[in-house]
Amino acid sequence: MDVIVRDWRPSHFAADQRYTLHGKANDIVAWATFCAVIGVLPTRAAADETFSVKSALEDTKLYFTAPLRWDEEDWIAFGGALVAIGAAHQFDAKVRDHFATGSRAILNGGEDKNSLRDAAPTVALLAGTGLYAAFIRDSDGYRETWALLEAGVLSGTSAEVLGLAGGRERPDATTSPNQWRQGGDSFPSLHVSAAFAMGTVFAESGNDEYRWIRRIIGYGVAGATSYVRVDENVHWLSDTVAGAALGIATARFVLNRQNAETRASVQFEPTKNGWRVSYSMHTH
C-alpha cells in the first residue's frame, strides 16, 4: 500500500492569508482616509450647484460612459497608453530585480506596509487646497478642491475595479509579472492613479502666473508616488504606467467638465441710466 504525503503547511498558509488581508486592509484605510478629506469643503461651498449630488452623479455617469463619445484623438491617446503599458510590461521583471534586493526581495503575500504613508502627499494636496480656499473664502478655490476630489474618487474607483477584475499578483507576492486572475489587485496602481489625477488637476488649474510652481508640485507628487510604489516592490512598473494613464485621462475629463460649466457667464454692470446685462460664452 502506497502512502502519499503532501507538503501541507497550514501555518505558512495562514501567514500568507494574513499578509494579503493586511495589505487589503491598508488599502481600504488609505482610501477611506482619502475620501474623508471631503470634510475640508465648507458647508457654504457644498451648497453651491457645482458641488451638488446631482452634479456629481451626472459627472459619474458621463465619466463611465465617456468611451461611447470618444473622437479620433481620444482613441489615439488610448492606443498610445496601451502601447506604453505593453512596453513597460516587457521590463517588469528587470525593474523588479533592480529594486527587490535584501529584505524587499522576500515574498510576503502582497503585504503593503506603507500604503497610508504613500497616499499622504496626495491627500495633503487635496487638504491643503481646500483649507487654503476656506481660509481666504475663495469660490474658485472651492471649485478646484471639488475638482481634485472628484478626479481622485473617479480614478481611484476605476483603479480598484480594474484591479479586482485583473487579479494581478503584486511583485512582493510573486516573481512572475504574468500572474493574472490570481486574486491580487496590483494592476493598475490605485495610489498612482489618484496621484496623477489630482496632481494633473492641481497642475493645470489656477492662475497661469504660478503655472510652473503648480506643475512642479502636482506632477512632482504624482511622479514621486509612482517611484516609491515601484521602489518598495509593491507594484510592477506597468502598474504605475497604467495608473498614470488612467489618472491623466480622468483629470482631463474633470477639467473639461469644469471648463464646460464655466464656459457661459452673465455679467451685470452699472451704467449712467441703469444696468447693462452682458452674456459671454466661449466657443472653443
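Trainee: How many helices and strands does the protein have?

Mentor: Helices (H or I, at least four residues) and strands (E, at least two) are DSSP runs, numbered from the N terminus. Here you get 10 helices and two strands, in the order α-α-α-α-α-α-α-α-α-α-β-β along the sequence. Keep in mind that this is a predicted model: local features need pLDDT of at least 70, and side-chain atom pairs count only at pLDDT 80 or more, while totals for chains, interfaces and linings use all residues. Residues are numbered from 1 along each chain as its sequence is written, and side-chain values use heavy atoms, with hydrogens and water left out.

Trainee: What percentage of the residues count as buried?

Mentor: Buried means under 20% relative accessible area, exposed over 50%, and partly exposed in between (1.4 Å probe, protein chains only). Of the 284 residues, 41% count as buried.

Trainee: Okay, aromatic pairs next. How many does the structure hold?

Mentor: Rings of Phe, Tyr and Trp (its six-membered ring) pair if their centres lie within 6.5 Å; planes under 30 degrees apart are stacked, over 60 edge-to-face, and the rest tilted. This structure holds seven such pairs. Take Tyr-63 and Phe-253: the ring centres are 5.4 Å apart and the planes sit at 65°, so the pair is edge-to-face. The two residues are 190 apart in the chain, with Tyr-63 in helix α3 (residues 53-64) and Phe-253 in helix α10 (residues 237-261).

Trainee: Are Tyr-63 and Phe-253 buried or exposed?

Mentor: Both are buried. Along with Phe-64, they form one aromatic cluster.

Trainee: What about Trp-70 and Trp-75, which kind of pair do they form?

Mentor: That pair is edge-to-face too, at 4.8 Å centre to centre and 75° between the planes. Trp-70 is partly exposed, at 29% relative accessible area, and Trp-75 is partly exposed at 44%.

Trainee: Now a single residue. Where is Thr-129, and what is it in contact with?

Mentor: Thr-129 is in helix α6 (residues 115-136), and it counts as buried, at 11% relative accessibility. Contact means heavy atoms within 4.5 Å. Leaving aside neighbours within four places in sequence, Thr-129 is in contact with Gly-141, Glu-144, Thr-145, Leu-148 and Phe-202.

Trainee: And which residue lies over the face of Phe-202?

Mentor: A charge sits over a ring if NZ of Lys or CZ of Arg is within 6 Å of the ring centre and within 35 degrees of the ring normal. For Phe-202, that's Arg-214, at 4.6 Å from the ring centre.
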